[in-house]
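Please provide a short report on the charged pairs, the nonpolar core and the surface of the protein shown here.

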Amino acid sequence: MLEGNTTSELTNWVTIAEALLQLSMIVMIGLYFIFSNTIMRVLAKEHDGASVMNKINSAILNPVFLTCFFVSGLASMYFVYFGSGAKALSGLFFFMGTTVVTVVFNVPLNNKLKAAQKESMASVWAEYLSKWVLWNHCRTAAGIVSGFLMSL
């Protein structure tokens with residue numbers, strides 16, 4: 001049988017762990033927001049926006065980002081299964097609206113941009129700007145809704 005103090009300590013650890021899981025989601029929401037609000041607007045106006053985006057896509061695939069991305073996806077599933085009410089709904093919005101959208105839509109578009117040849121870069125970039133940005137706006141909106149629900 002657990003003593004009261006041990007149960008209280010376990011509750012504290014769970015609270016801290018859940019806060020860290022939420023933090024991973026918040027970090028990703030901020031990343032999606034800054035791309036929607038600022039970065040893609042600037043790159044769309046640059047003559048070499050596609051090459052800069054390729055550099056960003058290459059640089060972002062680092063251990064810190066990949067850890068945040070995967071932990072946030074796992075965190076959202078944790079809240080779906082172990083949360084209730086708004087937290088469970090938050091997890092579902094986050095997972096479907098950010099993690100799934102990233103894997104199904106944004107990553108393939110990143111790969112297409114990376115593989116584009118110089119002669120087809122303009123048309124690939126135009127498609128990228130319309131489709132990738134649209135899906136990033138979806139990630140941003142889903143993340144913001146998720147963050148709001150998590151805060152309730």
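Lysine 131 and glutamate 127 both belong to helix α5, where four residues, about one turn of the helix, separate them. Helices are DSSP runs of H or I with at least four residues, numbered from the N terminus. The side chains of this pair form a salt bridge of 3.0 Å, N to O, a term that requires a side-chain nitrogen of Lys or Arg within 4 Å of a carboxyl oxygen of Asp or Glu. The model is predicted: local features need pLDDT of at least 70, side-chain atom pairs count only at pLDDT 80 or more, and totals for chains, interfaces and linings use all residues. Residues are numbered from 1 along each chain as its sequence is written, and side-chain values use heavy atoms, with hydrogens and water left out.

By this rule the model has two salt bridges, listed below.

| Salt bridge | Distance, N to O |
|---|---|
| Lysine 112 – glutamate 127 | 2.7 Å |
| Lysine 131 – glutamate 127 | 3.0 Å |

Lysine 112 lies in helix α4 and glutamate 127 in helix α5, so their bridge ties together parts that are 15 residues apart in sequence.

The largest nonpolar core has 26 residues, of which Met40, Met53, Leu113, Trp125, Tyr128 and Trp132 touch the most other members. Such a core is a set of buried Ala, Val, Leu, Ile, Met, Phe, Trp, Tyr and Cys residues joined through side-chain atoms within 4.5 Å. Helices α1, α2 (49-60), α3 (63-82), α4 (86-115) and α5 (121-151) each supply at least two residues of this core, and α1 gives the largest share, eight residues. Leaving aside residues up to four places away in sequence, methionine 40 touches Phe35, Met53, Trp125, Tyr128, Leu129, Trp132 and Val133; contact means heavy atoms within 4.5 Å.

Serine 146, in helix α5, is buried, with a relative accessible area of 1%. Beyond residues up to four places away in sequence, serine 146 touches Met25, Ser90, Phe93 and Phe94.

Leucine 20, by contrast, is exposed at 53% relative accessibility and is found in helix α1 (residues 4-45).

Definitions and conventions:
Buried < 20%, exposed > 50% of the residue type's maximum accessible area, 1.4 Å probe, protein only.
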